[in-house]
Amino acid sequence: VQKFTTEGGFVTAWGSFGTADGQFFIPHAVAVGPDGLVYVADWYNERIQVFTAEGAFVEKWGAEGTAPGTFYHPAGLAFDTAGDLYLTDHRNDRVQKFTPRGVFLTTWGTFGLGVGEFRDPSGIAVASDGSIYVVQSSNDSIQHFVFEGIAVRPVTWGRVKTLYGARWRASPAPRIPIPRKKSLRAPVGQPAGSAWNRLLPA
């Protein structure tokens, strides 16, 4: 992980290849929590590692699996205004929500090409109004969810408002092709977020 100033000046770096604390096997995403701690999605180690802003290891959580609270390649990270962490679970085709300490809260999504379904979700961002945007690298699209309370079942927790990309635009009407200038091909990054402009997986 490398840290830069907003002008691009190098500040510090930490990490190396491996499975020990503070090591990574493809760091795929990074997010800064409201407490100033740095959260890194450690892709092939199937875990989230937490560090101070200076790179000192704090804790880790997560494990490989399909049960709630486990991952199959954690891909994207984003915090909401309440301080909870959203994670795209890439190969499990879902989004999961956790407290900053890794306590599982809820999840939604399943494999598919339709509204509210995912195929390799990667980047994720939470807007100031609570809207959640999920990038799908294999569906070539970005889905927009609106918060509707606490989920009791997958998908019903979040309602898709808009689906951007090359395949279709989500609406009650028949699927409408999107013009080429708005099309996407295997998008993988974060849709938005100032913190991501300063902390980059290396």
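User: Which side chain of opposite charge is nearest to Asp-84, and is Asp-84 buried or exposed?

Analyst: Start with the terms. Buried means under 20% relative accessible area, exposed over 50%, and partly exposed in between, using a 1.4 Å probe and protein chains only. Lys and Arg count as positive, Asp and Glu as negative, while His and the chain ends are not counted. A salt bridge needs a side-chain nitrogen of Lys or Arg within 4 Å of a carboxyl oxygen of Asp or Glu. Here Asp-84 is buried but has no salt bridge, and its nearest side chain of opposite charge is Lys-97, 4.1 Å away. One caution: this is a predicted model, where local features need pLDDT of at least 70 and side-chain atom pairs count only at pLDDT 80 or more, while totals for chains, interfaces and linings use all residues. Residues are numbered from 1 along each chain as its sequence is written, and side-chain values use heavy atoms, with hydrogens and water left out.

User: Where is Asp-84 placed, and what is it in contact with?

Analyst: Strands (E, at least two residues) and helices (H or I, at least four) are DSSP runs numbered from the N terminus. Asp-84 sits in the loop between S7 and S8. Contact means heavy atoms within 4.5 Å. Leaving aside neighbours within four places in sequence, Asp-84 is in contact with Ala-78, Phe-79, Lys-97, Phe-98, Thr-99, Pro-100 and Leu-105.

User: How many helices and strands are there in the protein?

Analyst: There are zero helices and 15 strands. Of the 202 residues, 47% count as buried.

User: Which residues touch the most other members of the largest nonpolar core?

Analyst: A nonpolar core is a set of buried Ala, Val, Leu, Ile, Met, Phe, Trp, Tyr and Cys residues joined through side-chain atoms within 4.5 Å. The largest one has 14 residues, and those touching the most other members are Tyr-39, Ile-48, Trp-61, Phe-71, Leu-77, Leu-85 and Leu-87. Strands S3 (27-32), S4 (38-42), S5 (47-51), S7 (74-79) and S8 (85-89) each give two or more residues to this core. Apart from it lies another core of 10 residues, including Ile-124 and Phe-145.

User: What does Trp-61 touch?

Analyst: Not counting residues up to four places away in sequence, Trp-61 touches Arg-47, Ile-48, Val-50, Phe-71, Leu-85, Phe-98, Thr-99, Pro-100, Arg-101 and Gly-102.

User: Why does Ala-75 count as buried?

Analyst: Ala-75 counts as buried because its relative accessible area is 2%. This residue is found in strand S7. Ala-75 and Leu-87 are 12 residues apart in sequence and 7.0 Å apart in space, C-alpha to C-alpha.

User: Which residues form a nonpolar patch on the surface?

Analyst: Patches are made of residues with over 30% relative accessible area and no salt bridge; like charges are joined within 9 Å, nonpolar side chains (Val, Leu, Ile, Met, Phe, Trp, Tyr) within 5 Å. Accessible areas come from the Shrake-Rupley method with a 1.4 Å probe, and for residues only the protein chains shown count as cover. Phe-17, Phe-25, Ile-26 and Tyr-44 form this patch, with about 410 Å² of accessible area together. Phe-17 counts as exposed because its relative accessibility is 61%, whereas Ile-26 is partly exposed at 40%.

User: What is phi like for Ile-26 and Glu-46?

Analyst: Most residues other than glycine have a negative phi. Ile-26 has a positive phi, near 70°, and lies in the loop between S2 and S3. Glu-46 also has a positive value, about 55°; Glu-46 lies in the loop between S4 and S5 and is buried, with a relative accessible area of 5%.
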